[in-house]
Amino acid sequence: MSRLANALLHIRGTYPALRPAEKRVAQVILSDPREAVHYSITQLAEKAEVSDATVVKFCKRLGYKGYQEFKIMLAQDVAAKPQLIHGEVEPGNDVQTIKEKIFQANISALQETAQVLETEALERAVQALANAGEIHFYGVGASGIVALDAEQKFSRIGLRTSAFLDTHLQIARAVHLREGDVAVCLSFSGETVEIVEALRAAKQAGALTIAITSFSGSTLAREADVLLLTSTQQNLFRSGAIASRLTQLSTIDVLFIAVALVDHERAQEAIEKTRAILSQRRLERLKGS
């Protein structure tokens with residue numbers, strides 16, 4: 001599904017790149033999308049305190065032909081998306097309520113990511129990873145945890161894979177990549193300076209770059225060779241770290257399984273070899289205990 005079909009997620013993903021007046025239009029829509037569906041272009045302009053022309057520019061900047069097409073896509077998006085009952089975690093919530101809200105938010109984030117993650121971009125990424133001489137994963141914070149998970153997965157199927165969480169090491173290793181290598185850069189905001197710098201270094205070295213981020217208007221998204229979008233859901237308590245980590249992990253899982261299936265026999269052989277050596281080590285430790 002095209003990201004344009006998921007109007008709300010597309011607005012949130014593009015928001016950082018919008019002009020101030022366009023951001024006011026976005027804020028009006030995001031604050032109450034079910035009501036915004038019924039606005040005429042003039043009503044929306046008045047509520048955002050902008051001109052009708054600014055609303056049209058806003059729609060075109062998002063990639064729609066005009067307000068009418070945007071409004072149709074927004075209506076379809078709102079109709080297809082059930083209104084969450086639980087909302088965000090707030091001070092005073094009990095454990096039962098927190099559990100329900102967190103699970104609802106994470107389920108919604110995964111569903112949105114499944115909608116906006118473009119098949120063509122995934123196919124490009126899979127092909128590049130399957131044929132890569134060397135693969136690097138770059139991330140910091142919660143994204144660094146995902147990078148380590150990716151290293152573990154891809155290494156098990158026999159690919160030369162490394163994860164780098166140290167920002168200096170990311171740059172130091174990125175400059176030694178070559179044509180045919182792949183650098184996967186993870187950042188929820190797409191504006192983590194160190195990750196953007198690592199992407200630029202890898203690209204300049206000749207490697208293909210893949211960005212996994214939630215904001216299509218971010219620097220990382222604009223400069224990557226392949227963009228894999230994830231949900232933008234976040235709130236005060238989670239700060240994007242929980243939902244974004246889950247959507248990034250799920251995206252890595254899709255890539256891993258798809259790459260493994262490109263040459264299933266080789267991948268299976270590599271997994272069996274890894275499993276055998278680990279089993280042997282466990283037996284040796286048991287004998288020694």
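The questions below ask how some terms apply to this predicted model.

Q: Why is Thr213 called buried?
A: Thr213 has a relative accessible area of 0%, and because buried means under 20% relative accessible area, Thr213 counts as buried.

Q: Where is the place of Thr213, and with which residues is Thr213 in contact, leaving aside its neighbours within four places in sequence?
A: Thr213 belongs to strand 4, which covers residues 208-213. Apart from neighbours within four places in sequence, the residues in contact with Thr213 include Ser187, Phe188, Ser189, Leu220, Leu228 and Thr230.

Q: Why is the pair of Phe137 and Phe154 called tilted?
A: A search of the whole structure finds 7 aromatic pairs. In the pair of Phe137 and Phe154, the distance is 5.5 Å centre to centre, with 40° between the planes. Rings pair if their centres lie within 6.5 Å, and planes under 30 degrees apart count as stacked and over 60 as edge-to-face, so the rest are tilted.

Q: Which parts does the pair of Phe137 and Phe154 tie together?
A: Phe137 lies in strand 1 (residues 135-138) and Phe154 in helix 9 (residues 142-156), so the pair ties together parts that are 17 residues apart in sequence. Both Phe137 and Phe154 are buried.

Q: What makes the pair of Tyr138 and Phe164 tilted?
A: The ring centres of Tyr138 and Phe164 are 6.1 Å apart and their planes stand at 40°, so this pair is tilted. The pair links distant parts of the chain, with Tyr138 in strand 1 and Phe164 in strand 2 (residues 161-164), 26 residues apart.

Q: How do you know whether Tyr138 and Phe164 are buried or exposed?
A: Tyr138 has 0% relative accessibility and Phe164 has a relative accessible area of 7%; because buried means under 20%, Tyr138 counts as buried, and Phe164 is buried too.

Q: What lines the largest cavity, and which helix gives the most to the lining?
A: The largest cavity, with a volume of about 60 Å³, is lined by 11 residues, and Leu9, His10, Gly13, Val116 and Leu229 lie nearest its centre. Helix 1 (residues 7-14) gives the most to this lining, with 4 residues.

Definitions and conventions. Residues numbered from 1 in each chain as written. Predicted model: local features only at pLDDT ≥ 70, side-chain atom pairs only at ≥ 80, totals over all residues. Heavy atoms only, no water. Helix = DSSP H or I, 4+ residues; strand = E, 2+ residues; numbered from the N terminus. Buried < 20%, exposed > 50% of the residue type's maximum accessible area, 1.4 Å probe, protein only. Contact = heavy atoms within 4.5 Å. 1 Å grid on protein atoms, 1.4 Å probe; cavity = no way out; pocket = protein on both sides within 12 Å on 5 of 7 lines; lining within 4 Å. Points joined across faces, edges and corners; volume = space filled by probe spheres on them. Phe/Tyr/Trp six-rings, centres within 6.5 Å; stacked < 30°, edge-to-face > 60°.
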